[in-house]
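Please view the sequence and the model together while reading.

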Amino acid sequence: MLEKINKIKKLSYKIRKNILDISYNSGEPSHIGGALSLVEILAVIYSNFNIKASKPMDRFILSKGHGFLVLLSTLCCKNFIKKRDILQFQKNGSNFIAHPIMDKSIGIETSNGSLGQGLSFGVGLAISYKKKNNYNSIIVVVGDGECYEGSIWEAAITATENNLNNLFVVVDCNGHQNDGAINKMMSFKEMKKKWLGFGWNVNSCNGHNISKIIKAFKKNSKSKPTAIIANTIKGKGVNFMENNNDWHHGRLTKRLYLESLKSINKTR
């Protein structure tokens, strides 16, 4: 187990560094903070589930589309995409823009711009898998701010009514959204009650503790969908970005890029 955790820690570092490389190389502002809060979560998902591009088994949907940098970086680390290609992010002619554009050949399951729609897509896939007696899993990542969208809760009740025990949702609770802090009623402490109220099996964890994330996925249900409420830090790993909502969308200068690299190297 320790060897596995260390391997995922190394993957997390590579994902985090790629996020900084992609953002700096673009020369444009990008959604950095909300991507950094998801690093360990995606590192665990892509290490513990059978996710493939050419022949999908387990399926991953990033509903929190503005966190695209973490997905792009992860797909590169898992050899779905080449580094030279992800460095075209936000450049003229590139398919890699601020949000995902569906391209199943490289493991991007859905296009995403408006928040709140990825869970509905995931519910549809989970229902399809059940009808086809496919026992693989569907994993969806949403943000805490995204949970203000009514479509999230419509999908949530649909999942319980269909007993989608093959569906996981991870809620990235970093406490911030585009225009400020999350209201206390949608906070990490309150989020568990909401998903329980919709009939889900619910686990909570530190979203940067790899062993805790792994355990949260293992505590699934034989009859219910599972929600994992992950307590995270926006901008995690970069000291001047952590819990600083100015970095929801920001541009890395050369000085800030080098400072960012020093910061993540200290926690390597």
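The model is a predicted one.

Strand 2 is largely enclosed by the rest of the structure, because 6 of its 6 residues are buried. Strand 2 pairs with strand 1 and with strand 3, both times in the parallel sense.

**Strand 2 and its two faces**

- Strand 2 covers residues 138–143.
- In a regular strand, side chains alternate between the two faces of the sheet.
- In strand 2, I138, V140 and V142 point one way, while I139, V141 and G143 point the other way.
- Residues of both sets are buried.

- Strand 1, made up of residues 59–62, pairs with strand 2 over 4 bridges.
- Within this part of the model, I61 has V140 of strand 2 as its bridge partner.
- Strand 3, residues 167–173, pairs with strand 2 over 6 bridges.
- V141 stands opposite V170 of strand 3.
- From strand 2 the chain passes through helix 7, residues 150–161, to reach strand 3, forming a right-handed β-α-β crossover.

- C76 belongs to helix 4, which spans residues 68–77.
- C76 counts as buried because its relative accessibility is 11%, and the cut-off for buried is under 20%.
- Apart from neighbours within four places in sequence, C76 is in contact with N18, I81, K82, K83 and I86.
- Between C76 and A155 there is a separation of 79 residues in sequence and 30 Å in space, C-alpha to C-alpha.

How values were computed:
Residues are numbered from 1 along each chain as its sequence is written. This is a predicted model: local features need pLDDT of at least 70, side-chain atom pairs count only at pLDDT 80 or more; totals for chains, interfaces and linings use all residues. Side-chain values use heavy atoms; hydrogens and water are left out. Buried means under 20% relative accessible area, exposed over 50%, partly exposed in between (1.4 Å probe, protein chains only). Contact means heavy atoms within 4.5 Å. Two strands pair if DSSP finds at least two bridges between them. A crossover is right-handed if, with the strands pointing away from the viewer, the path from the first strand over the helix to the second runs clockwise.
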